[in-house]
Amino acid sequence: MTGKRGANGGLPPTKHARMEDDDEDPSQFEEELALLEEIEAEGRSQGHEMMDTDSPGPEDNSAGFNASWARSPLPPIDPKKDAVAFQQLELDYYIGTHLEGMPGATKGPTPIVRMSGVTMAGNSVMAHIHGFTPYFFVPAQPGFKRDDCEKFKNALEAAVKKDLRSNREGIVEAVLAVDYVMKESIYGYHGNRKVPFLKITVALPRLIAPAKRMLEQGFVCPGYSHYAFQTYESNIDFEIRFMTDTNVVGCNWIELPPDKYRVRPGTQHSGQTSSSSSSSSLSMVSRCQLEVDISWEDFISHPAEGEWSKVAPFRILSFDIECAGRRGVFPEPNKDPVIQIANMVIRQGDSDPFIRNVFTLKSCAPVVGSKVLSYDTEFELLQKWSAFFRDVDPDLVTGYNIQNFDFPYLVNRANHLKVRDFIYLGRIKNVASVLKDSMIQSKQMGKRENKILNIEGRVQFDLLQILLRDYKLRSYTLNSVSFHFLQEQKEDVQHSIITDLQNGNEQTRRRLAVYCLKDAILPLRLLDKLMSFINYMEMARVTGVPLSFLLSRGQQIKVVSQLLRKAKEQDLVLPAQKVETGDEYEGATVIEPNKGYYDIPIATLDFASLYPSIMMAHNLCYTSLLNTSTIKKEELTPDQYIKTPSGNYFCKSSVRKGLLPAILEQLLSARKKAKFDLKNETDPFKRKVLDGRQLALKLSANSVYGFTGAQVGKLPCLEISQVIYGDTDSVMCKFGVKTVEEAMKLGQHAAEYISTKFVSPIKLEFEKVYFPYLLINKKRYAGLYWTNPKGHDKMDCKGIETVRRDNSPLVAHLINTCLQLLLVDRNPQGAVEHAQQTISDLLCNRIDISQLVITKELTKTDDEYAGKQAHVELANRMQKRDPGSAPKLGDRVPYVIIAAAKGTAAYLKSEDPIYVLENNIPIDTQYYLENQLSKPLLRIFEPILGEKKAEATLLKAVCKHCKPRESELYQKEISQMQALEEKFSRLWTQCQRCQGSLHEDVLCTNLMGKEMCVKSLSQGLNANPTSQGLSSRALGMGEERLHSAQLKRHPLQRVHSYSRASEEFRSFLFMQSYHLGMGEWG
Amino acid sequence: MIYSATPLVENVQSFMTTDTPANVTSNLNRVASQVQYKNDRFIVKDRSFNRQFAHLYAERLMTMRKRLTKAATEKWGSTPIRKLHELVNDERCIVIGTVFKHMELRPNILKEVSEEHNLMPQPVRSRYTDTKDKLIIEDELQRIFVVGDLKCETSVTGVVVAVLGKEPEDDKGKFHVEDYCYQQLPPQVPRPLLEQDKFILFVSGFELGGREERPFQMQLLADLICGQLGDMDQQEATAAICHVVVAGNSLSESTQDRDTLTKAKYLSKKTSAGSVEAVKTLDEFLAQLVTSVDVTILPGEFDPTNFSLPQQPFHQCMLPVSSRYNTLHRQTNPCDLTVEGLRIMGTAGQPVEDIYRFSEMEDRLAMLENTLVWGHTAPTAPDTLACYPFVKEDPFILSECPHIYFAGCQQEYKSKIFKGASGQEVLLLTVPRFSQSGTAVLVNLKSLEAQPISFYSHFPIVDESVSPEVDK
């Protein structure tokens, strides 16, 4: 879908759609599709025929497309005898009423948790879990008596009720219970003593907020004084609360034991459910095959281990839509029709999609391997697709930018065409999907504007969102992404052509359908390749949050969930104030680098999972945090606590075992286990799961550290070798040996020796040898990476401009090539020559424009940018030029810097690369030299050539042809400038004389005109010497040599600038004479 | 220093014998010297022409007022110091302000502009003084005409002065001056005592590229400095020259080509600057010197650098050969340096020339002396002398008293020891144009004595000597 802007940021499509010869030359993708068809046909004897039913209502569970598309029928279940196990995927809650026989409040509304998932046989299940109520804690007021809980409850009930202005839900009892419990705050060490807390249970999750407010503002319990309570765990999501208390983690298996659950009627008779929405809560409300009710105390939640680490055959639907836009305008749902929707459905674990179809508007020639479903009206198309969607009943919906484009477009279009049934996409029959806007802000991703569509019971797994979260790419177009990960190009069809294809014949529409199908299958391939689903599922299991939270929420929720689970075991409670995330924590000790180019092997020793191990080794945690008064109070002896380099005290694990170390230990041992299992596992799919898990565990362990913002850790000085550089968790040592092999041996020894000096589990590991090694600065180095003496593994670059995306590819290529030449070929001279050649090419305009494209993400709305930024300005300009193709918030905006009049601010010089090509706009090569190339180049060459020399040979080298004329050119410039200076001086002093004052600024009636003219004259003066180069040093003092660039550009640019200066000067003179009454206008 | 115009026979003979030609000359060493430059204030860092000159005047007045207040109080006791807007008629008081000289004949750029409108062309003249010139004194807010003791002939615009007098009831708008005073000369660092004679050679106005160019004398000068001339004694003497100052106008006025601005683009595109060849010659000349001695070169009015004061150093690219040596010091004009602890300050002569044009003084050395007395190197800047629009400073104010104060590119050589009120001793020096006089100036840093040294290119038939001659 080319019209989609969500992933703008690539280069212009160079290929144009070929429409003529697609019959003779079926694309590779079509062959592929055909092949899939054959494979499938083998395993199937039945033909599939499309059943024509009357307009399938959303209540109808079978749209009757194809028998093999629907889920296999549910086997008979006897609730008395059969246990049901399913993997839950989505978990949320709704407000319902009490169900007879279930725990919890019996009157008024009550929260009911809803889980949906799939059984191993592939049947969809929805479980309504009753009786779990939200609660939070406050520490009991000093002197509070256990018996007064009831009094407290009544007082709070009254206060909360009063606060509820309108009680629309008909809440009968807001505060359900107040219990006197013994707990301990997680923050700080309290001598292992529990103190009384009050557990306050309320009827609905949303009542926590007012109750919390009442208590925090200060609350009077009869018989006690006014007291402001600090609340604990009052900011925990209800879902997380529930999952913690029931030991449910994301995507784990839930077992419903026999005789504990009730099956809702209608369940086993799919396709014949009564459509009447009964008031009985027991009737089926979902489109799942099995719907049950169960008490929260009765179901079994299996930890994701052993047998229960398996994955159910989820249905994943990937789709893509095409719209017929108008030329130059981005498709608008209330004007431009949806013409095609391609769908691919795969079962998790299968290698190929088992449903491949495309819904088209108007007839379309058949596509082998895919079902073509053609409709005459768009109304019908949308209606049928919606029915198809419900029929297929996907557990996960994916696609490329479906969240912000496809879904919103479909919903808006359907609403516009009044396709009433369309919006019932979720699993709950009577809940329509509604679009909302949301802003999400996180440290990891910055600020984004997203659209949110609620689809109950299904997880939206937009590939683009995943890529944005997990991968830093230059461009996020589907094309460039698939090229990046799959080395597979897809054709980009311009959206104006789409309309032409649609308006052609059934062959051209077929052409479009193939294109659309390809866009639908690519996300599936990418998800498979990146193992995103598996990794996310494992992450959900490890951190214990629902799958959808991983995509819609930030990092913090994951740690909170883990912390909460662990805290619960030890009767610890979390304060509600934001857990201290040290906003700016000091980095670890960094040993000043000995910059330079090392032509001998450099051994590198690393700490294995440094921060987690330090936290574990020294028992660093909230719970073990001490202050001096605690130490005194608890009479701790110095051997019972440690002091960190930053001056904090923590008690040792003998006194109290910390929570975070425990979490970390668990995570790391789980990782070890996963890695071990991985080694022994042969099944490729299970290997994927295990690999995903160990990765998730590693990430989680590190995020625990990030969460606390703890600042610990210091590298001991290694005196056995010359440390040339030491970073946070690694040291580079020069052992002075000549071969990689010797360095490795010594490194090994050193690591082992030093490890013995540390508190377990902190361990120094020998990992690699760099040879040769170019150390540029802190966190900036490059070298060949050796792990065995036979040959280098790769070239390793840190902090060098090969990866940063706001640099043009030119920089990355140049730096890469230079590093290649320096490190691999050991040819510094060649590297210098290459750099010079590139600079020369740049200045002579011989560089391809694609090399000069810079991309930047448009993250905030315009008015939030304080300073003007090039890409924002450009986005605004493009918006004016053509709203259809202008980048949107969250897009990466590609631009190049173009030559503009002197003194134009840099942010105004950005331009759309395509626009530049089409209009032949000159590039500001100077900008690229000065702002993009010079610094990175100098950085890598300085250690080799020396500071001064690097600059001289690379940037200030004068071009061969101009070198002999250097002096001459300079003098020519200077003579012109002298003339300007003289006039400047004389004019202003004359003005002073006219005015009759030396000490005051000239204020003349002719000020406006003069100001402007003098300004331009001044600009001429200002500009000439400085930015024009030659004279820059000219007036400026002659230290440096001239810029080659400036000399090369000399003839054209300079003359222009002078002619401008002199014209302005003339107009100034004219104003002056007018001022004297001597001039005449006209 | 001895100049052997008549070399001793035995010394000359040593050159003639082929036996020992080299060993005699090889053991002479150039005396070492310590050089420091204090030109930071003259280096224009942010070139901004978006401002006017008022700031510079204001800054000058502010700085000088403090010094003048002190001088005036010492001279006239408790006489009240008034701002011009506080003047009370007939009250005898002191006024401190900037002098402005109202001159009818001063060239007016607006009139030049009017040429384009077919009005009268202005006569070309070398001096712009007239009997009708009037003096005005101005402070931050007001200005008033001055009559009386402060002489118009010897005053120029831009000098800050304290005047004693009154504005009489019957002659309003005029301040009758009975006495005046300038600032007190700033203190001087005691002159270091040198153990041996060390010489510094001043030369200016080579004016290469013009008709007056004197290549042969220049070569003689270079040879002399480099020890290629004269007998043993002579060479021993020249070895004591520890520094050479080239004080401006190394290029001739005729290399100036200011027409480019008014010419059409296509005409100026190919014409190269007239100074190119001359600069090359200069580079070659300097290259000879710098191999042997430290050379400070400052640009002058006609040199290829910026026009307004302070002029920035020659650009390295123009002197590719000589600037390879670290003995070449490309410096600003004005230039402020210390050699062996002696503070040396000077210009390439533009301020003195400008004062000449706008006053009726004749003696350039006296004008130079005046600028020292006024405490300001270039008072007529920015009024008639082009100057960078400084904002927060006036770098031309003399804040320390130099030991040697020179002006390059002058008509003739003159020197004088100026004695300040608090014991300062300054050698005032006008360095003549070499193209006119063939003369350079040697100053002995030990004794502060100056002596000119001239080179003649005509070979008197009567005199067979090729050695340089001393004019005294």
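Biologist: Is A:Lys657 buried, exposed or partly exposed, and what is its relative accessible area?

Modeller: A:Lys657 has a relative accessible area of 35% and is therefore partly exposed, where buried means under 20% relative accessible area, exposed over 50%, and partly exposed in between (1.4 Å probe, protein chains only). This is a predicted model, in which local features need pLDDT of at least 70 and side-chain atom pairs count only at pLDDT 80 or more, while totals for chains, interfaces and linings use all residues. Residues are numbered from 1 along each chain as its sequence is written, chains are lettered from A and ligands numbered from 1 in the order in which they are written, and side-chain values use heavy atoms, without hydrogens and water.

The side chain of A:Lys657 forms a salt bridge with that of A:Glu665, at 3.0 Å from N to O; the term denotes a side-chain nitrogen of Lys or Arg within 4 Å of a carboxyl oxygen of Asp or Glu. A:Glu665 is likewise partly exposed, at 34% relative accessibility.

A buried pair is found elsewhere in chain A: A:Arg541 and A:Glu538 are both buried, and their closest N and O atoms lie 3.2 Å apart in a salt bridge. Both belong to helix H11 (residues 532-543), three residues apart, about one turn of the helix; helices (H or I, at least four residues) and strands (E, at least two) are DSSP runs, numbered from the N terminus.

In chain B, a salt bridge joins B:Glu178 to B:Arg92, with the closest N and O atoms 2.9 Å apart. This pair links distant parts of the chain, 86 residues apart: B:Glu178 is in strand E7 (residues 174-181), B:Arg92 in the loop between strand E2 (81-82) and strand E3 (93-102). Over all chains, the count comes to 49 salt bridges.
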